[in-house]
Amino acid sequence: MSESVALNEQYELHVNGEVRPVRDSWLGESLLYVLRERLGLLGSKGACEQGECGSCSVLVDDELVCSCLVLAASAVDQSIVTIEGVAPIGSPSDVQQAFVDAGAVQCGFCTPGLIMATHALLERTADPTEFEIREELSGNVCRCTGYGRIIEAVQRVAVSRRVSGQA
Amino acid sequence: MSSVTGERISTGRIGDSISRPDGTPKVQGSYAFSSDLSAENCLWGATLRSPHPSARIMSIDISGAYRIAGVEAVITAADIPGSPTYGLISSDQPVFASDVVRYVGEPIAAVAADHPETCRRALAAIVVVYEVLEPLVDPERAIDGSHPDIHPDGNVIRRQRIVCGDPDIVGDVVVEDNYEIGMQDQAFLGLEAAMALPDDDGGGVSLYVATQWLHEDQKQIAACLGVPLSKVRLTLGGVGGAFGAREDISLQVHTCLLALRTGRPVRIHYSREESFLGHVHRHPVRIWMRHHATSDGRLVKVEARMVFDGGAYASTSSAVLINGVTHAQGPYRCENAVVDGYAVRTNNLPCGAMRGFGVVQACFAHEGQMDKLAAACGIDPVEIRLLNAMVTGDKLITGQIIENVAPVARCIRETAALPLPDEPVGGHDHDPMRLPGGAGRTADSSHIVRGIGFAVAIKNLMYSETFDDYSTARCRLSDGVVTLKFATSEVGQGFITIAGQIARSVLGFDNVVIDSIDTDIGSAGSTSASRQTWMSGGAVNAACIKVRDLLFAAVAVSHDVDPSSLTVDGGDIVDAAGVFRISALEAASGLSFDETVEYHHTPTEDLDENGQGNCHTAFAFVAHRAVVDVDPELGLVKVIQIATAQDVGRALNPLSVLGQIEGGIAQGLGLAVMEEIIMANGHVRNPSFTDYLLPTFLDMPSVIASLIEEPDPIAPLGAKGVGEPPTISSTPAIVAAIRDAIGKPLNRVPVRPTDIIGLSAFPSI
């Protein structure tokens, strides 16, 4: 009771290819909180705080995780990729561009998490069926679109990668 | 601060499926939502909430919170300089409860501190002593007077009757039933978030907030702060969805009070659990309906009794009720009606606006009735709807004449004509993952039954009952660049996209910039009631036309042509004879124009004691057909396909319209089979995304949509609002399909597995 919060933890994270020091933090901070509030990487979004919605999805050692469920200080030796590490501002990735073109974005709050999940999906399965897209992205909730245009966007990327020989 | 500010829309006229101007920042994670805003020296705020649905506050001791290092302020009702209450229609909701609490989650105090965890500990250190009271949770007890008033304004928020034609007439065929709709949450993903910056002199505040209606917030905040409107400036923070839940005040006043108290910027972010408690929801409703018809299926009379549980505070309950009772007939001709509706106060969570606003509830009941009537008359469900479909010029049960384009029969026919899914139960590949239950692999495909259901809806557009929900837009043209300014909340629906399309079509310039969305211009009204395409689209259109006419006048003088003969053709200005042509850019060189316009819809009337009056502004229509697979043994449902034809007037951006249709249907599907805030004696049992289920990629089927484009001459651009109709009749269509599959009545949504199996008795939870 009435105990003040100890803001005295110091550690380093490896984020988007850079070493990022974290200073004067509280040990209980989630990776999502540290990315957003201490490192200024605001693209990862918090929407459920329980790992149910996928809005905070990032890659930790190439694995798609909900950053709201990861203790930041536990990720010190791991490679973290956030939405900011996907493509430079102004030069969207093929997945990002397809989301814009296909009408897969409305409010956009779920979008960064879905972009991370889609890149991960297409790494695993270059040419997914519609059913595989639904199954693999089902950990990401969107409240605006009803998912139809998102599926369309993912399919467009798969087709264009196949045509251009990337897949 | 809003990231929609200053973004350039490059191409696209009315009717083009161009992509959103904020799309690239949103996919790259650089779009600034209200929860992404911060400022130098900014504090965190947090709110202490009641754990009881009904209790007397005996004492509040905040001293423990102040003993925690990092806590900068603790405020209660005693610290409110202005009005202690707020509210959209009546000011009945306390900023902080001081004497009694009336629902679980009611704010009692707020703190500002250096870290969210410090805030959490500070809240835990505030000691509130309650005398717990028996909550009023049964809406019928609010009506029958058997529970003492829980608020000085009484337990009945509003009662409205409608009596029309011959109330005593009896049809050849009579069907009746009870229906119940559970409490749905808007569940936008972008949680409530705001940041307030105090003025240097402490006399005012700037608030960056995700809201549906900046000017209404401004009015309520200024009243609570006890300052003039000019001392409260609002800017739209990026909005992560709304669906009605951002129409009321939630954290706005608390954030401003903390900023003014500390003299520092303060931001509040709700958690998901807090969000469930901290905004209004879709009203749970109980409806009794009795339909009378001729033996050949023509509607003779509709009787209904509707009870809307408004929860602890009024919010928009009285307007939701009016929508419910005035839409009781559905999109069907009916000359006689007796409808009685109540919106009541209980100690359940406060309810207010959610997409569909009272019509969702009415439609679930009237569509259940139409199917019963079809069965009783031995007529196909689609045929009985066609037989009764209303048309332009028909009189509603309120006495109002439908003046809009009303392609009800066309919506029904085109929906019915859309192809049914060709795959059998389990799909052509017999993948068990496609069965109800999915990855659970629980269903045996030989036991699965398929059903088809149909439903149709009418929805009012804009505000009703004399409310003048005008919209303001400013158009500036300078050096060939068009700058649009309005206070219209962009919540994800895409108004900024069509605003640019309208400006480009009217003026012929490609470069359109959307200025900051804030209170530096007049009100745009709320982003709700499917009204912004019509109202703010109408305002933008009118402002652009004014600028265009000034440009024409200037061209006429400089080129010696008749201004009345000029029109815009693509990027050129041409005369009617086709002789004169000049590019709009060249014509506007060196010229500047600046025009601001208010757009008002036609006035409406109040309803009289018999529910008669021209209370609504306009109407739109839609039909839905659902195909479902049901596992009757485990009570699982998989929706296979939704087909829809929607009356959109004119699709200003077909891709954007499709997004509204698919997204709205997903919310209708949620209400049909999974979404409900479960209340138990005033306590919320499932305030999380773990326990409140939302449709995922696996729950939402493919949608086949047909846009019915019959431009409405009453609408400024021929375009009707499209946001709400998809959410309305999708729910009853899905439930009708489940009934069709298993042959059970299923008069309550969401339909639960136990309802399908038959283990639970209506209407218990």
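Author: Let us begin with contact: two residues are in contact if their C-beta atoms, placed from the backbone, lie within 7 Å. This is a predicted model, in which local features need pLDDT of at least 70 and side-chain atom pairs count only at pLDDT 80 or more, while totals for chains, interfaces and linings use all residues. Residues are numbered from 1 along each chain as its sequence is written, and chains are lettered from A and ligands numbered from 1 in the order in which they are written.

Reader: Which domains does the assignment give for chain B?

Author: Domain bounds come from an automatic or database domain assignment. For chain B, that assignment gives domain 1 (8–32 + 470–599), domain 2 (36–133 + 191–239 + 246–278) and domain 3 (285–464 + 607–757).

Reader: How many residues of domain 1 of chain B are in contact with domain 3 of chain B?

Author: On the side of domain 1 of chain B there are 22 residues, and they touch 22 residues of domain 3 of chain B. Helices (H or I, at least four residues) and strands (E, at least two) are DSSP runs, numbered from the N terminus. In domain 1 of chain B, α12 (495–507) and α13 (532–559) each supply at least two residues of the side that touches domain 3 of chain B. The largest share of that side, six residues, comes from α13(B). The centres of these two domains of chain B, taken over C-alpha atoms, are 36 Å apart.

Reader: In what order do the strands of the open sheet in chain B lie?

Author: Strands of a sheet pair through backbone hydrogen bonds, either parallel or antiparallel. Two strands count as paired if DSSP finds at least two bridges between them. In chain B, four strands form an open sheet in the order β19-β27-β28-β31, with mixed pairing. Its edge strands, β19 (449–461) and β31 of chain B, each pair on one side only.

Reader: In which sense do β19(B) and β27(B) pair?

Author: β19(B) and β27 (residues 618–631) of chain B are antiparallel, with 13 bridges. Within this chain, Ala457(B) has Val622(B) in β27(B) as its bridge partner.

Reader: Which helix packs on the sheet?

Author: Axes are lines fitted to C-alpha atoms, for helices over the stretch in contact, and angles run from 0 to 180 degrees between N-to-C directions. Helix α11 (residues 408–417) of chain B packs on the sheet and touches β19, β27, β28 (636–647) and β31 of chain B. The direction of α11 of chain B makes about 25° with that of β27(B).
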